[in-house]
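This briefing goes through a protein model by topic: confidence, fold, helix packing, nonpolar cores and selected residues. Please keep the sequence and the coordinates open alongside it.

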Amino acid sequence: MGIREFPGGAPRGKSIAVGMRRSPDVSPRRLSDISPQLRQLKYLVVDEAIKEDLKWSRSVEDLTSGPVGLTSIEERILRITGYYGYQPWAASYKREERPRDSPGPAEAQAPAGAEAGGRTSPHCWRCSRAQLKKMFWGVAVVLCVCSSWAGSTQLAKLTFRKFDAPFTLTWFATNWNFLFFPLYYVGHICKSEEKQSVRQRYRECCRFFGDNGLTLKVFFTKAAPFGVLWTLTNYLYLHAIKKVNTTDVSVLFCCNKAFVFLLSWIVLRDRFMGVRIVAAILAIAGIVMMTYADGFHSHSVIGIALVVGSASMSALYKVLFKLLLGSAKFGEAALFLSILGVFNIFFITCIPVILYFTKVEYWSSFDDIPWGNLCGFSVLLLTFNIVLNFGIAVTYPTLMSAGIVLSVPVNAVVDHYTSKIVFNGVRVIAIIIIGLGFLLLLLPEEWDVWLIKLLTRLKVRKKEETAEGGADLGSGPQSKNRRARPSFAR
């Protein structure tokens, strides 16, 4: 209903002083004319920081403000709610100071990035292009992780046909870790504006180990244990490839994500998440079903135990790294991995030599060693670790983890054509269960909040569409003409 104006300038009824003079270009409107604005104000969320000011403005401002005047229904609603940037609690705010060509509510409802004619502003376009670029790099990283991990697994299986020495292969591939820091420094020279010398960059990265840098004590207490865990992880994984097919090995190694969560929850006191407990249960159930698929034969049971041990060592490596060293930047991570290569060269080299002379891992001559397979496996494993450690600079970590899961079907296809693997129902269900558990572990910590917000938004949108549909059916041509007018008469 409208508000009548009297010569005295005050409306009949309550004698309340209004904090603003009536704008000459705004005429009183009926409440039905602003129904779209009222529907939007229904779902308005007010910032927490101004709630107290809003309470004050609703109860006191009308009695203490300036000259008496009359406002329209729209302006009164905007004053009460502070909508569209209207701030009645600011004493310096004047109606005359607002530019006459400021956008009305109908224009303010449009997205912030939208301009006249439906075009998008350059800033939002840049954001969209940046996100699109990050997704493109994410696809490339996923393909690289998947191909390098599956390729290294298949190449290791092929190598063992001529070179039955898993520990020697592990030692040979780990030596290539020495290249991490040199490759990082090359990237630093190519992309960084402040180019540092090798010594300067090395000293800066050494601060990761403490104020004294990389001392002999730090090397043996903070680097050597991780070198042992690294060697055990790779050795157990390669030894398992000799016992079972590559599909089972790759899918069982995905359980390391569940082990990381369990250890982090126990050791690091990370946040408890029910969905991750479910994922861990699925991983354990998948391991049992995978063992049952082969009939609990000793050969397969040993292979499954080896790959589960490899996943456990990998999880222990990650949790201890976070506990003892925390998070590392790219240069610090590259230096740490290079130090593991140095540790492997100086302190692990004696083990392959002992295995050779004890004829545990014996080969007749060096000419019989398939150097191409060894070097190919080492390059693929190095590529996998580089992308996994530094791919976060160009894409999302979740996408990189998804590449490990995608390697499972790749290995399954290769095994189907190159070996006598039997994909019975139990094996397929075990693969699906472990894969599902791995994907559940990739959910962010706030996934439930995001899901509730999404469902609430969909519910609100459905209500709005239902209300608008009912208004269109009952209003007729007159209401259509009325809605076609702008919110403010100019």
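A residue is called buried when its relative accessible area is under 20%, exposed when it is over 50%, and partly exposed in between, with a 1.4 Å probe and protein chains only. The model is predicted: local features need pLDDT of at least 70, side-chain atom pairs count only at pLDDT 80 or more, and totals for chains, interfaces and linings use all residues. Residues are numbered from 1 along each chain as its sequence is written, and side-chain values use heavy atoms, with hydrogens and water left out.

**Confidence**

- The average pLDDT (the predictor's confidence in each residue, from 0 to 100) is 74, and 68% of the residues score at least 70.
- Where pLDDT is low, the predicted coordinates should not be read in detail.

**Overall fold**

- The protein has 20 helices and zero strands; these are DSSP runs numbered from the N terminus, with helices (H or I) of at least four residues and strands (E) of at least two.
- Of its 490 residues, 39% count as buried.
- Among contacts with a separation of 6 or more, 81% join residues 24 or more positions apart.

**Packing of H10 and H11**

- The axes of helix H10 (residues 216–243) and helix H11 (residues 246–253) come within 9 Å and cross at roughly 150°; axes are lines fitted to C-alpha atoms, for helices over the stretch in contact, and angles run from 0 to 180 degrees between N-to-C directions.
- H10 contributes Thr 233, Tyr 237, Ala 240 and Ile 241 to the contact, and H11 contributes Thr 246, Val 249, Ser 250 and Phe 253.

**Nonpolar cores**

- A nonpolar core is a set of buried Ala, Val, Leu, Ile, Met, Phe, Trp, Tyr and Cys residues joined through side-chain atoms within 4.5 Å.
- The largest has 58 residues, and those with the most contacts inside it are Tyr 237, Leu 238, Leu 252, Val 307 and Phe 377.
- Helix H14 (residues 298–324) gives the most to this core, with seven residues.
- Beyond four places in sequence, Val 307 is in contact with Tyr 237, Ala 240, Val 249, Leu 252 and Phe 253.

**Selected residues**

- Arg 201 lies in helix H9 (residues 198–206) and counts as buried because its relative accessibility is 14%.
- The side chain of Arg 201 makes a polar contact with that of Gln 196 at 3.2 Å; such a contact is a pair of N or O atoms within 3.5 Å, where within protein one must be able to donate a hydrogen and the other to accept it, and residues adjacent in sequence count only if both atoms are side-chain atoms.
- Beyond four places in sequence, Arg 201 is in contact with Phe 181, Tyr 184, Tyr 185, His 188 and Gln 196.
- Thr 159, in helix H6 (residues 122–159), is buried at a relative accessible area of 0%.
- The Thr 159 side chain reaches the backbone oxygen of Leu 155 at 2.7 Å.
- Val 342, in helix H15 (residues 330–348), is partly exposed at 25% relative accessibility.

Methods:
Contact means heavy atoms within 4.5 Å.
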